[in-house]
Amino acid sequence: MAQKVRKAVIPAAGLGTRVLPISKAMPKEMLPIVDKPAIQYIVEEAVASGIEDILIITNRGKGIIEDHFDHMVELEQRLAASGRQETLDQLNHITGLANIYFIRQKETKGLGHAVNCARSFVGNEPFAVLNCDDFYGRDSFQTMGKFLAALPEGSKNVYSMVGFRVGNTLSESGTVSRGICSTDANKLLTSVVERTKIQRIDGEVKYIDDNGEWTATPDTTPVSMNFWGFTPDYFAYSQEFFKTFLSDPKNMENLKSEFFIPLMVDKLINDGTATVEVLDTTSKWFGVTYPEDRQSVVDKIQALVDAGEYPAKLF
């Protein structure tokens with residue numbers, strides 16, 4: 001019997017170093033895009049796909065995110081007393097979006113480590129993992145929701161990933177990091193390799209390979225944008241893999257070492273432990289990788305408003 005998918009995990013503990021100095025005082029996830037913070041779009045799209053319970057994983061200095069999704073009684077009372085019902089309705093919309101929970105990641109050791117913090121929240125249910133400040137597009141959420149909802153109850157080792165076309169995920173302001181994916185005839189992931197220097201050069205998408213050479217890849221190559229669907233057995237593998245990560249002296253010596261989800265997923269599929277279906281989507285990804293990207297994101301969101309995908313009042 002298929003089960004209802006209720007839970008999503010949104011890591012939001014990154015330091016936002018690429019958008020300094022503004023992220024020193026304002027978390028990157030709370031930067032305003034048109035008329036609301038970036039993370040609110042992600043929460044709204046998750047809710048629209050059927051998600052009811054959301055865990056946002058934060059870090060010190062990010063209490064403003066929790067405040068945004070909470071009630072502010074004094075302000076709400078003042079708005080009610082002054083007859084500003086429309087504004088009050090907007091605030092109530094935010095606080096009533098979903099059951100939103102928060103937990104802190106005590107150490108910034110990468111996305112994989114952050115997701116491990118969600119084990120007790122997830123319990124025995126399938127769940128989605130997605131970035132806190134990426135704009136994935138409505139189709140990608142619907143696609144992931146359908147996959148997870150169709151899983152028989154008690155499913156194990158059956159994972160999924162929304163595969164965006166690499167040409168639709170680039171920044172105009174600099175290089176990006178992506179998990180480059182290969183699939184078999186059944187659209188199952190066969191490998192995912194983290195590439196950290198991807199950009200368009202002379203009309204082609206290229207990255208620097210392990211030999212330090214520029215290598216071209218088709219625009220349609222699927223990449224991981226950290227939009228995953230997992231069954232709860234994921235945590236046992238992830239926590240064991242993290243122990244291995246910590247046991248490597250190179251990772252302990254390098255303060256910038258991070259535990260990436262694609263590293264573990266690649267091991268699981270090569271061992272034959274799990275399968276990962278790569279879900280095609282018509283959505284185009286965009287996000288604020290560099291400060292210069294922000295205006296482009298604002299323009300794209302405004303275009304979605306003009307096209308009717310978002311209402312003029314984005315609440």
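The model is predicted: local features need pLDDT of at least 70, side-chain atom pairs count only at pLDDT 80 or more, and totals for chains, interfaces and linings use all residues. Residues are numbered from 1 along each chain as its sequence is written, and side-chain values use heavy atoms, with hydrogens and water left out.

Next, show threonine 169, whose backbone oxygen lies 2.5 Å from a polar atom of the arginine 178 side chain. Beyond four places in sequence, arginine 178 also touches residues including Val193, Glu194 and Trp285 (contact: heavy atoms within 4.5 Å).

Arginine 178 belongs to strand 9, residues 176-183; strands are DSSP runs of E, at least two residues, and helices runs of H or I, at least four, numbered from the N terminus.

Now select Ile54, Ile56, Phe69 and Leu130, which have the most contacts inside the largest nonpolar core, a set of 40 residues. Such a core joins buried Ala, Val, Leu, Ile, Met, Phe, Trp, Tyr and Cys residues through side-chain atoms within 4.5 Å. Strand 9 is among the elements giving two or more residues to this core. A second, separate core of 29 residues includes Met264.

Finish at helix 11, residues 261-271, where Met264 is one of the buried residues. Glycine 272 follows helix 11, with a positive phi near 80°.

Methods
A polar contact is a pair of N or O atoms within 3.5 Å; within protein, one must be able to donate a hydrogen and the other to accept it, and residues adjacent in sequence count only if both atoms are side-chain atoms. Buried means under 20% relative accessible area, exposed over 50%, partly exposed in between (1.4 Å probe, protein chains only).
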